[in-house]
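Work through the exercises below with the sequence and the model at hand. Each task is followed by a solution in steps.

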Amino acid sequence: MSLSRRGSVTIRAAEGPALVQPERRDAEPMNNDFSERGLSGAEHEVVASLLGVWAVDACTREETRLVLDHLVRCVSCAEESVRLGGAADLLSSDPGPPARLRTRVLERAMERRPPTPKVPEFAAPYAAQVSVLNLLLAELDESEWAVPVLDEYGWNVQDLIAHLAATDGLLAARLGLPGGSPDRTPPGGGDDVDARTAAVVAHHRRRPAAVTRTVWFDQAMELCAYFRTNGFGRGASSDPRSALESRSISLGGWSQTVGTAILTRAFETWIHASDIAAALGRAAPMPLPGDIHRMGRFGVALLPVALALNGGRPRPDTSVRVVLTGAGGGDYLVSLDPALQEPALPGGPGSAGEGVTVWTDTAVAPTTTLQLDVVDFCFLTGGRRDPGRISVRLTGEAELGRELLAAAPALSGP
Amino acid sequence: MVPDQPADRRTGPDEQAGLDEAWVRRLAAGDEQVLGELYDRFSPLVYGVALRVTRSREAAEDVTQEVFTFLWERPLAFDPGKGTMRSWLALLSHRRAVEVVRAEERRRGNLQANLGALSPGSSAVHEVEDQVTAAEVNGRVRSAVATLPGSLREIVELTYFKDRSYRQAAADLGLAEGTAKSRIRTALRRVADTLAEEGLTP
């Protein structure tokens, strides 16, 4: 068969070269090479010499079969074949796949892996991080689930997923979602974060890793469904947030909003996905820049609380400018005025009383300016960077700057 | 075959790595729109590779579906350190297409038989016997071939455009067969190099 390339493409079956050169039939070097097919060195050379002719479809059936047999075993020939074939493809001017294939492909893909649920913007970082972590877990083989991740707690991958299921579960319970099976809410779970985590981790040590993963993921999807159903729409007219986003709840001993709580869940899911990836020597993709932006801004808003928790003295009339660089970064002014109710977390991005605003040139001069990469800052807040070693540009009152950096991880748990 | 970029704009390796990384982030975050974008950009390549290997439109469609489904199900299987998204998709398509052909051959169970998609009378042959109107050949591809030295250009003309086998072309040009084979390979490499500079081949 062959492809004719002048103005049309016809593929027809043929029996080999139309013009037979009798004197070449059995005396060709090719036959000797065939008999040496067992030797991979010779085979490799033979195939390499055929790659060009195969790409333009100018060889026999036997030669084609020889090439294909070799290509499944030889990466360098496969790569060259793709390259030569790419050139051959361009020569062919084939019009490409039919239009109807697109719908079929996309539908099939979505059947195999449903897209991330569409949730309101304030819950989107959580939905996206759950998706990323679930993909990471899908890449693991059974033995990798037992790899230690957080030595401080003696937790491996499975324990860490159980911990996430426990802390997500606390929010789910507070929102009134059903507790589900004992796998999700084992006895002794309770309302205290640490107690609940301990109970869930212990319970799942007796369960297969696949079960732990399913429990965590299914609960996360139920949370997303809840936000999808209840989280859209406006709340009070003066507040751009939805009623759900601004609803006050108490979680883990802290008064906060639902918006803050789900953003904290997103943050924790990101940090732990990164912990797992690092422990396994794998790469996990970064969150979308918009999601990094929300989490970064939230971290800035937490600085006054973190400072207070860390034993920092009250600083009236003091503002700090925090410049977060990189995709999803921002430029913020945060007040350290101790007008915060404790233990309360700031209302979350966009809220009236969160204490952080976007920096403008007309803003009050800050006492200190910190400039660092947004991802570094997020990981610092999450307790995964050493404040003394982080790359940061500090201007103004240096001591305050260092105090803030040291305090940033104060709110992070495991 | 549609080039990735407009004619006067080339994507350098760093910029491409950034684009690839952004795609992976969106795939991982579960944004279904990005799959449509990647399909629009790369399906001609994926389909073209599969078609060339399998010689069957139906098989090429199946391979295309499998490659993009795999991309969506396992975006973290892409290792940006090993190459671009484009080259990864081309290799996936190539690998899968080769498997399909070999599976078909095993299915037919006859080492002496024609490769499945090619045997006379098989439905695949009827299907691919349909005449397909070719699109206008890209001007840059033509000029890449035209700039080849005469000895390389003439053998491409014979084997590719005039459908001669390499043995026939060797006879036509009075060359040893080994010479013919190596000239075709050299010619394709040069065309690939020229076009790679313009971002047109994997």
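## Exercise 1: An open sheet

Strand 10 (residues 368–373) of chain A pairs with strand 11 of chain A in the antiparallel sense, over four bridges. The model is a predicted one.

**Task.** State which residue of strand 11 of chain A is the bridge partner of A:Leu370, and find which strands of chain A stand at the edges of the sheet.

**Solution.**
1. The bridge partner of A:Leu370 in strand 11 of chain A is A:Leu394.
2. The sheet in chain A is open and has five strands, in the order 9-8-7-10-11, with mixed pairing.
3. Strand 9 (356–358) and strand 11 (393–396) of chain A each have a single partner strand, so they stand at the edges and one side of each lacks a neighbour in the sheet.
4. From one strand to the next, the twist averages 20°.
5. Helix 12 (residues 289–309) of chain A packs on this sheet, where it touches strand 7 (319–325), strand 8 (330–335) and strand 9 of chain A. The direction of helix 12 makes about 20° with that of strand 8 of chain A.

## Exercise 2: A hairpin

**Task.** Describe how strand 5 and strand 6 of chain A are joined, and the turn between them.

**Solution.**
1. Strand 5 (residues 248–251) and strand 6 (residues 254–257) of chain A run antiparallel and are joined by four bridges.
2. Within this pairing, A:Ser250 stands opposite A:Ser255 of strand 6.
3. The two strands form a hairpin with two residues between them.
4. In the turn, A:Gly252 has a positive phi of about 60°.

## Exercise 3: Aromatic rings

**Task.** Classify the ring pair A:Phe267 and A:Trp270, then the ring pair A:Trp270 and A:Phe379.

**Solution.**
1. A pair of aromatic rings is described by the distance of the centres and the angle of the planes.
2. The structure holds 10 aromatic pairs over all chains.
3. For A:Phe267 and A:Trp270 the centres are 6.3 Å apart and the planes stand at 80°, so this pair is edge-to-face.
4. These two residues are three apart in helix 11 (residues 258–280) of chain A, which means that about one helical turn separates them. Both A:Phe267 and A:Trp270 are buried.
5. For A:Trp270 and A:Phe379 the centres are 5.1 Å apart and the planes stand at 90°, so this pair is edge-to-face.
6. A:Phe379 lies in helix 13 (residues 374–381) of chain A and A:Trp270 in helix 11, so the pair ties together parts that are 109 residues apart in sequence. A:Phe379 is buried, as is A:Trp270.

Terms used. Residues are numbered from 1 along each chain as its sequence is written. Chains are lettered from A and ligands numbered from 1 in the order in which they are written. This is a predicted model: local features need pLDDT of at least 70, side-chain atom pairs count only at pLDDT 80 or more; totals for chains, interfaces and linings use all residues. Side-chain values use heavy atoms; hydrogens and water are left out. Two strands pair if DSSP finds at least two bridges between them. Axes are lines fitted to C-alpha atoms, for helices over the stretch in contact, and angles run from 0 to 180 degrees between N-to-C directions. Contact means heavy atoms within 4.5 Å. Rings of Phe, Tyr and Trp (its six-membered ring) pair if their centres lie within 6.5 Å; planes under 30 degrees apart count as stacked, over 60 as edge-to-face and the rest as tilted. Buried means under 20% relative accessible area, exposed over 50%, partly exposed in between (1.4 Å probe, protein chains only).
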